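Subject: Structure handover

Hello,

Here is the structure I said I would pass on.

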Amino acid sequence: MRAWAIKKYGDNSVVHLMDLPEPRVSEDEVLIQVKAASINPIDFKVRQGKLKAVLAYSFPLILGHDCAGVVAKTGAAVKRFRIGDEVYTRPDRIGTLAEFVAAREQHVAKMPKNTSFEEAASLPLVGLTSWQALLQRAGMKNENRVFVPAGSGGVGSLAIQLAKHFGAYVITNCSTKNLGFVRSLGADEVIDYTKQDFSRVISDIDIVFDTVGGETQKKAFRILRSGGTLVSISGPPTAQSMREANRGSVLQLAASLLSLRVSIRSYLTRTHYIFFLMLPDGETLEKIGALVEGGSIRPVIDRTFPFDKANEAVEYVEAGHARGKVIVTSCAPP
C-alpha cells in the first residue's frame, strides 16, 4: 500500500511517499480503507523527534493519527462492525496517512450520518482531546468560566463548541481576522491577541485548556481563580502523566524535573496543573458523533490536500496559521 512515512527524524524533507506492507489485522481489530485523514501538530512533532523520549517508534514510521474510511476487513472477535461500514477513529497507533490502517474495535465509531469522510476525519483527535481535557480531567461544570487560548486552531475550534454545549462561559483569543469566526463557534468573549494581553483583561477563570504552552501557559496561571485548573496537552509532562502512560521510573523522574517550575507556579497560585496524553476511545467518539448529528458541534476544515501532497499538508500545519483542521483526502482508491 502507499503511505507517507519517515525513515529518520528531521524536517519535512524526510517525509516520503512509500510502498509499505498492508497492516495485519488481529482478532479484535478492523482494517479501514482510509478515505480521509487529518493532520495535527503531533505529526510534525513526531517527525522532528520531539516525542521519542516518551513514545518509542521504529522506522519506517507512517505519519497520521486519525482518519475516516470504510471497513475493509474484520477480525474474528469483532462484533460491532461489518465490511462496508463507514467509520472514524483515532487508533492507538500512528499511521493513518496510508491507504489502509488497522484499529482496535473499541477505538472505532460509526461516522456521524450528516458528515462527509473529510468532515468526519477532522474530528477524532481534537474531539477526544477536548472531551477528555474539559470533562474528564478538569471536571467542567455548567457556568464554569473557561479560557481556551488559540480558539481558531484545530483543537481550539472544537473545544469552544464543546464547552459551550455543556453550558460553560467561553473566553478565547485569536488574531484580528478570526474574531468573527470564533464568535460563530459560540465564544462568549473574544480577545484580539494582536491588541491585548489576555492576562491583563480577564480573571477569575475556573479552567484554562492550554494547547499552546510556553509564555501563554505561564500567563494563564495569573487568570485562574484559587482552586482553578490548568489542563494542558503542551506540557511539560508530570510524573503522574508518565505513570498513567505506564512509563518507567526514569521517565517519571525526568518528568518531575521538567515540570518543577510549573508545579511551583501552580502551588504559589493555589491552582491545579494537569498534563495528560489523550487516549483513544470509540465510545466517546459515538457521543461526539451524536453531538455533530444534533447540530451542537460542526466540523471546521481550513484546507484539504490530495493524498499525493500530504507532505505539503504537514508543512502547512507546521506553519501555524490553519483555521480549524487540515485534511488529506482521497487516501485510498475508489
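The notes below go through strands, cores, aromatic rings and charged side chains.

This is a predicted model, in which local features need pLDDT of at least 70 and side-chain atom pairs count only at pLDDT 80 or more, while totals for chains, interfaces and linings use all residues. Residues are numbered from 1 along each chain as its sequence is written, and side-chain values use heavy atoms, with hydrogens and water left out.

Strands

Helices (H or I, at least four residues) and strands (E, at least two) are DSSP runs, numbered from the N terminus. Two strands are said to pair if DSSP finds at least two bridges between them.

Elsewhere, strand E5 (residues 66-74) is joined to strand E6 (residues 86-89) by 4 bridges, and the two run antiparallel. Here Glu86 in E6 stands opposite Val70. E6 also pairs with strand E8 (residues 108-110), over 3 bridges and again in the antiparallel sense. Val108 in E8 is the bridge partner of Thr89.

Nonpolar cores

In soluble globular proteins, nonpolar side chains tend to be buried together. A nonpolar core is taken as a set of buried Ala, Val, Leu, Ile, Met, Phe, Trp, Tyr and Cys residues joined through side-chain atoms within 4.5 Å. Buried means under 20% relative accessible area, exposed means over 50%, and partly exposed is in between (1.4 Å probe, protein chains only).

The largest nonpolar core has 47 residues, and Tyr88 and Leu134 have the most contacts inside it. Leaving aside residues up to four places away in sequence, Leu134 touches Gly139, Met140, Val146, Ala159, Ala163, Ile207 and Phe209 (contact means heavy atoms within 4.5 Å). Another core lies apart from the largest one and has 32 residues, including Ile39, Leu61, Cys67 and Val71.

Aromatic rings

Rings of Phe, Tyr and Trp (its six-membered ring) pair if their centres lie within 6.5 Å; planes under 30 degrees apart count as stacked, over 60 as edge-to-face and the rest as tilted. By this rule there are 5 aromatic pairs.

One of them is Tyr9 with Phe59, an edge-to-face pair at 5.1 Å centre to centre, with 75° between the planes. The two residues are 50 apart in the chain: Tyr9 is in the loop between strand E1 (2-6) and strand E2 (16-19), and Phe59 is in the loop between helix H1 (41-48) and strand E4 (61-62). Tyr9 counts as partly exposed because its relative accessibility is 23%; Phe59, at 37%, also counts as partly exposed.

Phe221 and Tyr273 form a tilted pair, 6.4 Å centre to centre and with 40° between the planes. Phe221 lies in helix H7 (residues 214-223) and Tyr273 in strand E14 (residues 272-275), so this pair ties together parts that are 52 residues apart in sequence. Both Phe221 and Tyr273 are buried.

A charge sits over a ring if NZ of Lys or CZ of Arg is within 6 Å of the ring centre and within 35 degrees of the ring normal. Arg303 has its charged end over the ring of Tyr316, 4.8 Å from the centre.

Salt bridges

Side chains of opposite charge can pair when their charged atoms come close. With a salt bridge defined as a side-chain nitrogen of Lys or Arg within 4 Å of a carboxyl oxygen of Asp or Glu, the whole structure has 13.

Arg80 and Glu286 meet in one of these, at 3.3 Å from N to O. Arg80 is in the loop between E5 and E6, while Glu286 is in helix H11 (residues 282-294), 206 residues apart. Arg80 is partly exposed at 39% relative accessibility, as is Glu286 at 34%.

Asp92 forms a salt bridge with Arg93, with the closest N and O atoms 3.3 Å apart. Asp92 and Arg93 also belong to a network of salt bridges with Asp28, Glu29 and Arg104. Asp197 and Arg200 make a salt bridge at 3.9 Å, N to O, and Arg200 is exposed, with a relative accessible area of 72%.

Regards
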